[in-house]
Amino acid sequence: MKYSAAAVLLAATAAVALPAKRAISDTDILQYALTLEHLEDYFYHNFLDQFDQAAFMAAGYPDWVRNRVENIAQHEAQHVALLSGALGSAATQPCTYAFPGVTDPVSFMATATLIENVGVSAYLGAASSITEAAYVTVAGSILTTEARHQGWFSSSVDMGPGWSGPEDTPLDFSEVYSIASAFITSCPSSNPTLPVQAFPALSIAADGTITTTASTDGTYVQVIAGLITDTFPVSGGKVANLPAPQGISYAVLTTQSNTTLVSDENIVAGPFIMNNPFLSKFANPAPSF
Ligand SMILES: *[C@@H]1O[C@H](CO)[C@@H](O)[C@H](O)[C@H]1NC(C)=O
């Protein structure tokens, strides 16, 4: 079957601004996806403008790296055009952004792999909330492309595996928005209000010390890696025995101990992004048969 994805999307969208805290609609999901795509679009164009081929090569990258990042940037611009076209007058407009950790091509590439991974988690997490079947195809086609962007960064550029684990990690709307909002300085007041919130930032030191503005009383750290979530009680602002899942995974601080029930409803801080590259050269972890 041949159809225009944008036309299919257009059919069921409506320009209505609804109050926060309500069921998430397909229009919300498209606006949420567009919010992320605008961020990615800005991210690539802004830093490709700053770091030219000479800067990439001075940082040690072969010439094909920046050329392929240019290609990825074109994809993100196309995702913005696709979703904007579908939403019409309800399209979310770009915000202003800041990426204080990006100072050179190396930190640009490191941030790019995390942003692509969060994009994958966003589309995966949103998939089960989509009502219109045709949107699932459109979202899925963006999702698999973002996954291959991330796989290219982690394999070709970083010389690691192009995956984290056997399954990618779905994240809830507010989990994703919390990560994205750390890079958003301000948005046009005319933008639609999404039924999502940004949780306070969370970081967890190697010794288990938790840093957040949220209260840690009666909380748990839940580590989300693929479809597996593990829970760890917090005591005195610290957590013990956290696992180090291969690749990129996420930790949230929640009042819920049950791993099945962790969601935007009970998260109090995070996600904290964890990254444990798999070092094939050192057979780490050792194969267990
Ligand atoms: C977690 O919640 C699910 C769904 O309500 C329930 O079936 C399960 O028994 C709970 N697990 C624990 C350990 O309480």
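Below, the two of us go through the terms one by one.

Mentor: Ground rules: this is a predicted model, where local features need pLDDT of at least 70, side-chain atom pairs count only at pLDDT 80 or more, and totals for chains, interfaces and linings use all residues. Residues are numbered from 1 along each chain as its sequence is written, and side-chain values use heavy atoms, with hydrogens and water left out.

Trainee: What makes the largest cavity a cavity?

Mentor: On a 1 Å grid over the protein atoms alone, a cavity is a set of points where a 1.4 Å probe fits but cannot get out. The largest cavity holds about 120 Å³, where volume means the space filled by probe spheres set on the points, which are joined across faces, edges and corners. There are two cavities of 30 Å³ or more.

Trainee: Which residues line the largest cavity, and what makes them lining residues?

Mentor: A lining residue has an atom within 4 Å of a point. For the largest cavity 13 residues pass, with Ile-29, Leu-30, Tyr-123, Ile-130 and Ala-139 nearest its centre. α2 (26-50), α5 (105-127) and α6 (133-157) each give two or more residues; helices here are DSSP runs of H or I with at least four residues, strands are E runs of at least two, and both are numbered from the N terminus.

Trainee: How do you know what classes of residue line the second largest cavity?

Mentor: Ala, Val, Leu, Ile, Met, Phe, Trp, Tyr, Cys and Pro count as nonpolar, Asp, Glu, Lys and Arg as charged, and the others, Gly among them, as polar. The tally is eight nonpolar, one polar and one charged.

Trainee: Why is α5 called largely enclosed?

Mentor: Buried means under 20% relative accessible area (exposed is over 50%, partly exposed in between; 1.4 Å probe, protein chains only). In α5, 18 of the 23 residues are buried, so the rest of the structure largely encloses this helix.

Trainee: How do you know what span to expect for α5?

Mentor: The expected span is 1.5 Å times one less than the number of residues. α5 has 23 residues, and its 33 Å from first C-alpha to last is close to the 33 Å expected.

Trainee: What makes the second largest pocket a pocket?

Mentor: A pocket is an open set with protein on both sides within 12 Å along at least five of seven lines. The second largest pocket has a volume of about 340 Å³, and β9 (267-276) gives the most to its lining, with five residues.
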